[in-house]
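Subject: Structure handover

Dear colleague,

Here is the structure I said I would pass on.

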Amino acid sequence: ALRDSEARLIAIANAVPAMIAVFDAGLRCRFHNRAMQRWFERDASQLDGVALRALLDEAAYGLVRPHVERALGGTASRLEFLHQRPGKAAASLIADFIPRQEVDGKFSGCYALLSDVTQLREVDRLKSQFISVISHELRTPMTSIRGSLGLLAGGVVGGLPDKARELVDIARTNC
């Protein structure tokens with residue numbers, strides 16, 4: 001029954017698309033799922049017992065280390081950082097580090113959950129760029145339209161019938 005339960009939990013962890021790992025107090029990997037293997041392009045034996053420092057580039061490790069230390073002290077921590085893998089484009093990762101507490105209350109390591117959000121950040125960037133371009137493209141004609149409506153409302157072409165003046169004022173206000 002214990003083996004079946006363990007097999008089910010491992011199957012669940014392996015089905016999760018996010019990277020899951022357990023690090024001991026010395027920051028060595030003691031458990032990982034398949035997503036972790038795929039991300040780091042290593043098989044299980046190449047991740048078992050590997051130090052966190054060996055998995056990350058120097059810049060990423062410098063950012064991650066204080067968050068891991070917080071988790072080792074009993075406080076969960078989250079950060080987003082860029083990770084540069086050799087031969088690959090930099091990737092944006094969100095990492096959650098959760099304290100691993102033993103029955104006696106002592107913290108013996110941390111759980112790590114990492115998600116690649118590179119594509120989401122690219123979509124956000126493209127959305128912002130699109131809105132910026134559209135805003136700029138609409139601003140010029142809208143300024144001309146608003147100016148023309150102001151001239152009409154000011155009587156430059158002569159007096160307007162009340163109904164027409166009302167419509168011009170609505171259009172100018174909403175422009």
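Two strands are taken to pair if DSSP finds at least two bridges between them. Strands (E, at least two residues) and helices (H or I, at least four residues) are DSSP runs, numbered from the N terminus. This is a predicted model, in which local features need pLDDT of at least 70 and side-chain atom pairs count only at pLDDT 80 or more, while totals for chains, interfaces and linings use all residues. Residues are numbered from 1 along each chain as its sequence is written, and side-chain values use heavy atoms, with hydrogens and water left out.

Five strands make up an open sheet with antiparallel pairing, in the order 2-1-5-4-3. Its edges are strand 2 (29-32) and strand 3 (77-83); each has a single partner strand, so one side of each lacks a neighbour in the sheet. From one strand to the next, the twist averages 25°. Here and below, axes are lines fitted to C-alpha atoms, for helices over the stretch in contact, and angles run from 0 to 180 degrees between N-to-C directions.

Strand 1 (residues 19-24) pairs with strand 5 (residues 107-116) in the antiparallel sense, over six bridges. D24 has G109 of strand 5 as its bridge partner.

Helices across the sheet

Contact means heavy atoms within 4.5 Å. Helix 5 (residues 58-72) lies across strand 1, strand 3, strand 4 (91-101) and strand 5, and runs at about 165° to strand 3. Helix 6 (residues 118-154) lies across strand 3, strand 4 and strand 5, at about 130° to strand 4.

Salt bridges

Side chains of opposite charge can pair when their charged atoms come close. The count of salt bridges (a side-chain nitrogen of Lys or Arg within 4 Å of a carboxyl oxygen of Asp or Glu) is 10 for this structure. For accessibility, buried means under 20% relative accessible area, exposed over 50%, and partly exposed in between, with a 1.4 Å probe and protein chains only.

- R53 and E58 form a salt bridge, with 3.0 Å between the closest N and O atoms. R53 is partly exposed at 46% relative accessibility, whereas E58 is exposed at 55%.
- R121 and D124 meet through their side chains at 3.6 Å, N to O. Both residues lie in helix 6, three residues apart, about one turn of the helix. D124 is partly exposed at 36% relative accessibility, as is R121 at 32%. Together with E80, R121 and D124 are linked in a network of salt bridges.
- R172 and D169 form a salt bridge whose closest N and O atoms are 3.8 Å apart. Both belong to helix 7 (residues 162-174) and are three residues apart, about one turn of the helix. R172 is partly exposed at 30% relative accessibility, and D169 is partly exposed at 30%.

Cysteines

A search of the whole structure for disulfides (a pair of cysteine sulfur atoms within 2.5 Å) finds zero. C29 is in no disulfide, and the nearest cysteine sulfur, that of C110, is 10 Å away. C29 counts as buried because its relative accessibility is 1%. C175 has a relative accessible area of 27% and is therefore partly exposed.

Regards
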